[in-house]
Amino acid sequence: MKRINRRLVLKGAAAGGAIAATEAVTGFPTVWAQNAKDITLVHAGGSYAAIKEIGDQASKDLGFKVVMQAITDDVQLNRSLTQPNTIDINNIDSTKLPYLAGKGVLASIPVEKYKLWGETVPLFTKGSYPNGQMASTQGLAPIEAMFYEAKDGKKLAGKPTEFLTMIPTIYNADTLGIRPDLVGGRDKITSWKDLLDPKYKGKTALVDYAPIGVMDVAMALESRGDFKYADKGNMTKEEIDKTIKIMIDLKKGGHFRSFWSTFDQSVNLMASGEVVVQSMWSPAVTAVRSRNIDCYYVPLKEGYRGWFVGLAPMAHLSGLKLDCAYEYMNWFNSGWQGGFIAKQGYYSAVPATAKKFLTPEEWDYWYDGKAAAVDIKDPYGALMEKKGTTRDGGAIWDRMGNIACWNTVMDEDRYLTRRWNEFVSS
Amino acid sequence: MTSIEHAASLLEEAPAEKNIGERASWWQVAPMVAVLTLFFGLPMLVVLVVSFFDFDRSDIIPAFIFDNYVELFTREVTLRLYAGSIKFALIVWAITLLLGFNIAYFLVFHVRGLLFQIGLFLLCTVPFLTSNIIRMISWIPFLGRNGIFNQALQGAGVTSQPLEFLLFSDFAVVVAYVHLFTLFMVVPIFNAMARIDKSLLEAARDAGAGRFRTVFEVVLPLSRTGIALGSIFVITLVMGDSFVVRTMSGGQSASVVSALQNEVAALQYPPAAASAVIMVIIVTLMVAGILRLVDVRKELAR
């Protein structure tokens with residue numbers, strides 16, 4: 001295992017000798033482990049990604065300290081821009097890149113520093129699915145977000161280059177969560193347009209966040225045949241107006257029960273039966289199910305809303321600390337993290353490494369969409385799914401291979417925020 | 001003669017001591033001035049300056065433009081947000097005033113014995129031992145579609161369908177506000193009433209005034225400082241809130257501050273700053289209005 005090798009190498013170095021390996025041999029910088037043990041890396045990200053156990057394991061494997069800080073999105077943006085020195089490794093979701101790229105706070109990553117690039121799923125390296133078909137480019141697609149034009153990290157390239165914006169880590173396909181027992185069965189909801197079905201009046205909810213809330217409604221409107229968007233992930237002012245107008249009418253007609261702004265709120269809305277169909281994150285669906293309430297993350301025929309997250313080193317890093325940052329980012333996708341996070345339903349950018357840290361039964365359930373051969377446990381050992389259940393949407397590429405639109409920031413985001421405020425206050 | 005008047009007359013009589021007295025009082029207010037300047041004045045100044053700045057997606061750009069204010073004043077949504085917040089403020093003010101006045105009246109004039117009074121008063125504050133958030137959120141399972149209240153109503157045969165308006169509605173917002181803020185009305189009114197000389201009430205009764213006339217013509221005017229202070233608390237709290245309105249309306253209603261928060265979340269600081277400046281001006285005017293009706297300073301020195 002790579003991880004062990006590197007650890008042994010570091011240990012050997014600690015015993016007195018410098019690491020013999022040079023960049024020419026391994027593509028790795030020379031790290032003086034004796035000094036590295038005093039290094040502390042601050043890893044900041046959303047609570048779904050900056051998990052303490054991962055930081056602890058990294059510290060154990062690498063010989064320097066990794067501190068996890070779980071922070072909210074707006075705090076992350078603020079700190080990244082105004083106090084960039086307080087973060088070393090920025091665990092950002094792709095939609096933060098339009099805010100941060102070119103601001104001189106993130107460092108670009110030369111491809112050769114990242115050893116696992118060759119094993120990374122082609123979604124990130126080429127913008128295509130494993131079968132060669134190109135992925136949707138509506139919204140901020142991986143191919144648009146992954147590369148800088150040059151080392152200076154001033155501009156996103158939109159095509160493969162030698163300079164990465166971040167190391168892709170986890171990703172998933174989002175859809176609607178439903179209560180099968182209250183809508184009459186899992187097969188009763190098959191399309192995004194069901195979100196707007198008058199049948200569910202007063203029993204639907206959206207996330208209280210303009211870019212995603214509007215996009216989910218756009219998916220529904222398009223599938224209902226109201227109109228076709230050129231790019232749901234980058235609407236024009238007219239498209240925003242048309243969408244918001246319909247949303248205001250729906251809201252006034254009492255179609256929405258609530259708009260949720262935290263994970264817990266979305267779980268409680270569903271568990272209490274206030275809502276029977278809503279936009280939702282996949283672990284929230286699991287959280288409802290763990291209360292013995294039937295909840296289903298329903299595959300819809302128009303496809304999923306995709307998202308992805310990565311690690312970006314901050315621009316202030318240099319010398320030994322930067323070397324440790326590269327070490328850490330390479331460790332991150334070397335398997336342990338991928339195995340841990342798979343049990344929360346997220347995919348690793350390098351599935352082959354995650355596989356080593358999953359039992360064959362777990363791999364079959366999470367990645368291959370097969371019926372669980374044993375009870376499926378979460379990373380902390382609590383029961384998640386009983387033997388015999390199958391993951392909603394099936395195997396990884398049945399889900400990730402069917403992305404209709406990616407989470408994004410629109411060019412007209414200023415206008416969107418304005419119109420969203422009008423919608424909420426209407 | 002009160003001590004202040006006494007001191008004032010002393011100062012007038014002794015010009016030589018005046019300087020010392022004046023200098024001493026400057027020193028006395030100095031710490032407060034320093035704290036207010038540092039933690040209120042300066043940040044407010046920054047907000048004011050930024051409200052004239054330009055901005056793009058992630059930067060604020062130093063400039064002196066009025067766009068943020070022009071946009072604020074020309075958009076219909078501003079009016080609607082303020083109308084919404086003021087509506088909540090007035091409804092909550094009226095309910096908390098009614099409750100607060102009656103609770104304080106009961107505590108002061110009906111409960112016999114100081115120990116009992118203080119005991120019951122402390123009982124009023126017990127819910128405040130838990131956090132605001134918990135007290136508010138506990139309403140959600142209570143008022144929900146399948147909540148305790150709806151189940152009780154249906155169980156008792158009062159309704160056949162769950163009442164949907166109970167939660168994620170303006171009703172729910174008002175319930176939470178009243179629950180959270182009534183004590184802010186009770187305390188100052190209790191304090192004002194406790195200072196009323198009981199013999200005044202006896203005099204009113206002896207002069208033939210009924211109970212209601214005594215309340216309206218003696219107790220109410222003499223409690224007005226408490227009412228004014230309580231009103232300031234409740235109105236500023238409601239006007240400045242975003243969390244209660246967002247949670248209890250399920251995001252269906254907005255307040256001025258929740259809209260401002262959406263702007264901050266999208267890193268649009270200059271318009272948010274402009275909105276904050278206008279908000280401060282309006283709330284200050286509301287407080288000034290209350291203080292104009294009741295001269296709290298004068299009354300407290302009474």
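## Notebook: a first walk through chains A and B

**Entry 1: a loop glycine.** I started at A:G132, which counts as exposed because 8 C-beta neighbours lie inside 10 Å. My rule calls a residue buried if 20 or more other C-beta atoms lie within 10 Å of its own, exposed if 12 or fewer, and partly exposed in between, with C-beta atoms placed from the backbone. I found A:G132 in the loop between α7 (122–125) and α8 (142–145) of chain A. Helices (H or I, at least four residues) and strands (E, at least two) are DSSP runs, numbered from the N terminus. I also looked up the pair A:G132 and A:V374: they are 242 residues apart along the chain, and 33 Å separate their C-alpha atoms.

**Entry 2: ground rules.** I am reading a predicted model, in which local features need pLDDT of at least 70 and side-chain atom pairs count only at pLDDT 80 or more, while totals for chains, interfaces and linings use all residues. Residues are numbered from 1 along each chain as its sequence is written, and chains are lettered from A and ligands numbered from 1 in the order in which they are written.

**Entry 3: confidence.** I noted the predictor's scores for the complex, an ipTM of 0.77 and a pTM of 0.82. For chain B the mean pLDDT (the predictor's confidence in each residue, from 0 to 100) is 88, and 93% of the residues score at least 70.

**Entry 4: domains.** I took the domain bounds from an automatic or database domain assignment. Chain A has domain 1 (2–173 + 306–355) and domain 2 (176–302 + 395–425), with centres 31 Å apart over C-alpha atoms. Between these two, 21 residues of domain 1 of chain A are in contact with 19 residues of domain 2 of chain A; contact requires C-beta atoms, placed from the backbone, within 7 Å. On the domain 1 side, β7 (167–174) and β13 (304–313) of chain A are the elements that give two or more residues, and β7(A) gives the most, with three. That side divides into 12 nonpolar, nine polar and no charged residues. Here Ala, Val, Leu, Ile, Met, Phe, Trp, Tyr, Cys and Pro count as nonpolar, Asp, Glu, Lys and Arg as charged, and the others, Gly among them, as polar. Chain B is divided into domain 1 (1–44) and domain 2 (76–300), and their C-alpha centres lie 34 Å apart.

**Entry 5: where the chains meet.** I looked up the contact between the chains, which takes 24 residues from chain A and 25 residues from chain B. In chain A, α5 (73–82), α6 (97–100), β10 (256–260) and α19 (413–425) each supply at least two residues. What gives the largest share of the chain A side? The answer is α19(A), with eight residues. By class, the chain A side has eight nonpolar, eight polar and eight charged residues.

**Entry 6: a closer look at α19(A).** I found 10 of the 13 residues of α19(A) buried, including A:W420, A:F423 and A:V424. The buried residues pack against α10 (210–224) and α11 (237–252) of chain A, together with α4 (76–110) and α14 (256–265) of chain B. I checked the length too: at 1.5 Å a residue (the expected span is 1.5 Å times one less than the number of residues), α19(A) should span 18 Å, and its end C-alpha atoms are 18 Å apart, which agrees.

**Entry 7: nonpolar cores.** A core here is a set of buried Ala, Val, Leu, Ile, Met, Phe, Trp, Tyr and Cys residues joined through C-beta atoms within 7 Å. The largest has 141 residues, and A:V277 and A:Y328 have the most contacts inside it. I saw that α10(A) gives the most to this core, with eight residues. Beyond its neighbours within four places in sequence, A:V277 is in contact with residues including A:L176, A:I178, A:L195 and A:Y200. Another core, of 38 residues, lies apart from the largest one and has B:V108 and B:L183 among them.

**Entry 8: two positive phi angles.** A:N292, not a glycine, has a positive phi near 65°. A:N292 lies in the loop between α13 (282–289) and β12 (296–298) of chain A, and it counts as exposed because it has 7 C-beta neighbours inside 10 Å. B:L267 is not a glycine either, and its phi is positive at about 60°. I placed B:L267 in the loop between α14 and α15 (269–293) of chain B. Is B:L267 buried or exposed? It counts as buried, because 21 C-beta neighbours lie inside 10 Å.
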